[in-house]
Amino acid sequence: LFDTRTYYSVSSASASYILNPRTSYTFSGDAFVSNRRAEGLADSWGYTLTGLWNRRFSQRTSIGARYALGKYYTPNQNIDSLSHTFEGTYSTQFGQFWTLNVRAGIFISQVNSQLIIPLGANQALLVLLSRNNTFPSGSLLLRRQFKRALFNLTYARSMGGGNGFVSIARLESGTVGVSYTG
């Protein structure tokens, strides 16, 4: 039987500095530890440090720039990765009840492996374990506020901790949410 138990812990902190009524800076960090019980999967830990500059052009519209540094490590497989994310941000409120938030950019991952790979190993495995890649990243959030309800439509593409075999993974998600307060 395959033991798929995973113990996971995450912590985060954030601080904002308002330079003036139109300009703000936000700095945040988070860290995680993942302990997997399965013999074939790897434990991992990592952190992400993020900086965001935001400039408000009107009551309804702002632009900004975001940088994130991520470090992920799988100690029992000697695989570590470093990632850099560069994104532009745009936020606007249109109409009285609609909000649109867009982030777009790239993330660059540098994966380093110190695994001992047999000479006859599959070349795809070697490429998977030691490589540098650049991927598009970003997110889209469309929100509609009602008198007693909220509707959200979200799509995101980013990087994150791996799945126990690789130390970094490209994440892609989409959600639809509705909340109601009675």
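The following is a conversation about a predicted model of one protein chain.

Reader: How many helices and strands are there in the chain?

Author: The predicted model has one helix and nine strands.

Reader: In what order do the elements run from the N terminus?

Author: The order is β-β-β-β-β-β-α-β-β-β.

Reader: What share of the residues counts as buried?

Author: Of the 182 residues in the chain, 30% are buried. As for contacts with a separation of 6 or more, 49% of them are made by residues 24 or more positions apart.

Reader: Turning to the strands, how do β1 and β2 pair?

Author: Strand β1, residues 6–20, and strand β2, residues 23–36, are antiparallel and share 14 bridges. The two form a hairpin, with two residues between them.

Reader: Which residue is the bridge partner of S12 in β2?

Author: That partner is D30.

Reader: And what does β2 do with β3?

Author: β2 also pairs with strand β3, residues 44–56, in the antiparallel sense, over 12 bridges. Within β3, W53 stands opposite Y25.

Reader: A change of topic: what is the volume of the largest pocket?

Author: Its volume is about 210 Å³.

Reader: Which strands each supply at least two residues of its lining?

Author: They are β4 (61–74), β5 (79–94), β6 (98–113) and β8 (149–161). The lining includes T48, R66, E87, R103, F107 and M159.

Reader: You named F107; what is it in contact with, leaving aside neighbours within four places in sequence?

Author: F107 is in contact with H84, T85, N133, T134, F135, P136, S137, S158, M159 and R170. Among these, T85, S137, S158 and M159 also line the largest pocket.

Reader: Which residues make up the largest nonpolar core?

Author: That core has five residues, namely F32, Y72, F107, F135 and M159. In soluble globular proteins, nonpolar side chains tend to be buried together.

Reader: Lastly, where does G177 lie?

Author: G177 is part of strand β9, residues 168–180.

Reader: Why is G177 classed as partly exposed?

Author: Its relative accessible area is 22%, and the class applies because that value falls between the limits of 20% and 50%.

Reader: What are the contacts of G177, leaving aside neighbours within four places in sequence?

Author: G177 is in contact with L150, F151 and N152.

Methods:
Residues are numbered from 1 along each chain as its sequence is written. This is a predicted model: local features need pLDDT of at least 70, side-chain atom pairs count only at pLDDT 80 or more; totals for chains, interfaces and linings use all residues. Side-chain values use heavy atoms; hydrogens and water are left out. On a 1 Å grid over the protein atoms alone, a cavity is a set of points where a 1.4 Å probe fits but cannot get out, and a pocket is an open set with protein on both sides within 12 Å along at least five of seven lines; lining residues have an atom within 4 Å of a point. Grid points are joined across faces, edges and corners, and a volume is the space filled by probe spheres set on the points. Helices (H or I, at least four residues) and strands (E, at least two) are DSSP runs, numbered from the N terminus. A nonpolar core is a set of buried Ala, Val, Leu, Ile, Met, Phe, Trp, Tyr and Cys residues joined through side-chain atoms within 4.5 Å. Buried means under 20% relative accessible area, exposed over 50%, partly exposed in between (1.4 Å probe, protein chains only). Contact means heavy atoms within 4.5 Å. Two strands pair if DSSP finds at least two bridges between them.
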